[in-house]
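Hi,

Here is the structure I promised to pass on. Please open it alongside this note; my findings follow below.

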Amino acid sequence: MTSILQCMDCERQYRTDTVIYTCDDCGGLLDVVHDLDALRSLVSRELFDSRLGSLDFPYNSGVWRYKELVYPDAPDDLIVSRPEGSTNLYPVPRLAKWAGVGTLYLKHEGENPTGSFKDRGMTGGVTQARILGKHSVACASTGNTSASLAAYAAWANLRGIVLFQNKQVALGKLAQAIAYGATCIRVNADFDKNLALVREISAELDIYVLNSVNPFRLEGQKTIMIEMLQQLRWRVPDWVVCPGGNLGNSSAFGKALRELYDLGLIDRLPRLAIIQAEGANPLYRAYQRGFDRLEPMHAETIATAIKIGSPVNYPKAVRALRWTDGVVEQVSDQEIMEAKALIDGVGIGCEPASGCSLAGIRKLVENGTIKPQETVVGVLTGHVLKDPDATIDYHADRIPNLRAVCPNRPIEAEGTLDDLRRVLSTPIPTAT
Ligand code: F0G
């Protein structure tokens, strides 16, 4: 069974061992296309269920459990896995009530080995780097991709190179990339410029690019959807809601859902809702104009992970929205941080960008798009420890133009029982 690379626009095909990210003819984005006819007789819900809890490599990974749908031809001995995936799907009734829906689950991709969904993509991308015999891998990043690339490159004994924008990289992510030994370059440019730079320098120096323009990354990220559906016993929710930055996840979700449907593993598609920060909302703006075109913009948001003004996967995200009858919404930094604080407050926790999912769900219920009786899955993309400054500054109520709704301020006490009694006699405020 052979998968191929195919341009999403002109359909030109390339072998999977070609080092290529966009079509040579028309510049279109590439898909890894699998032989669905051959797969139809090979994959089943039962096959994937039989691998749950497996102790055997590579099926002990929540990505490679679905190997046939990710990269069927990948030789097992070249797979680079930590292993990733197998993240929790939390029923969250208190947050459902706050958002105004009957049934809400949160799929926590912050529970991956380096604390974000990027690991699901990176296992696919770094495996492909090994198949191609590459020695160096690189990315531009708002932080999580670099943390993940650094870890997977180290694990595979490859050189990892990451380009950060010089400002506003969350502390946890920077620390990870440094710790895992990647070459960390702080560039005086924003994410969008860095991505262009990384693509150019990689072509020149024979470095493999592992941003989400790389279609093998998206194959790994598809498994967020597959695993979520398996956890729901293949009962399809009405909505899947996720943050949108470079739009890799949204693109991967669309492809996964479409393939699962074509393979008969699910009987209908959920609707996809992509949520952007108001200050980094090029997809939302294009959506408002009927997707006439993408207008790159200067991006600003407290959710630094999604501070992206020119999302590379825009055409694939639009395709995913069309396939799933999807919608795009925007939320303010205030709404993002409030939603994050509520997710943190039920004991799950996430980084700011993930707050988009819950904030977006509430907004879509308020404006009548999501109906109260519908079943909704929100995707949390990063771990609470990724951006400690944002959390601490929020609860100290010292973020400009933003108000902490239910701040949890550390309390000073003398080292005496009397003082502790004084402190503990104050009632605890509750947010939900
Ligand atoms: N949430 C988090 C925590 C992220 O790190 C990102 C992207 C997104 C959401 C958006 O996902 O790009 O697939 O739409 N972070 C990238 C990075 C850009 O460099 O780490 P997307």
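**A glycine, the overall fold and a surface patch**

G85 is buried, because its relative accessibility is 10% and the cut-off for buried is under 20%. Keep in mind that this is a predicted model.

G85 sits in the loop that runs between α3 (67–70) and β4 (89–91). Which residues does G85 touch, leaving aside those up to four places away in sequence? They are G62, N112, R120 and E227. Take N112 from that list. N112 is 27 residues from G85 along the chain, yet their C-alpha atoms are 5.7 Å apart.

Now the whole chain. The protein chain has 17 helices and 13 strands. Its 432 residues would give a radius of gyration near 22 Å as a compact globule, and the value of 21 Å for the chain agrees with that. Along the principal axes, the C-alpha atoms fill a box of roughly 70 × 50 × 45 Å. Of the 432 residues, 59% count as buried. Look at contacts between residues at least 6 apart in sequence: 69% of them join residues at least 24 apart.

Then the surface. The protein chain exposes about 17,500 Å², and carbon and sulfur atoms supply 50% of that area. One nonpolar patch covers about 340 Å² and is made by L417, L420 and L424. L420 belongs to helix α17 (residues 417–424). Is L420 buried, partly exposed or exposed? L420 is partly exposed, because its relative accessible area is 42%, between the cut-offs of 20% and 50%.

Best wishes

Note on methods. Residues numbered from 1 in each chain as written. Predicted model: local features only at pLDDT ≥ 70, side-chain atom pairs only at ≥ 80, totals over all residues. Heavy atoms only, no water. Patch = residues over 30% accessible without salt bridge, like charges linked within 9 Å, V, L, I, M, F, W, Y side chains within 5 Å. Areas by Shrake-Rupley, 256 points an atom, 1.4 Å probe, with all protein chains shown as cover. Salt bridge = Lys/Arg side-chain N within 4 Å of Asp/Glu carboxyl O. Helix = DSSP H or I, 4+ residues; strand = E, 2+ residues; numbered from the N terminus. Buried < 20%, exposed > 50% of the residue type's maximum accessible area, 1.4 Å probe, protein only. Rg over C-alpha atoms; globule rule 2.2 N^0.38 Å. Contact = heavy atoms within 4.5 Å.
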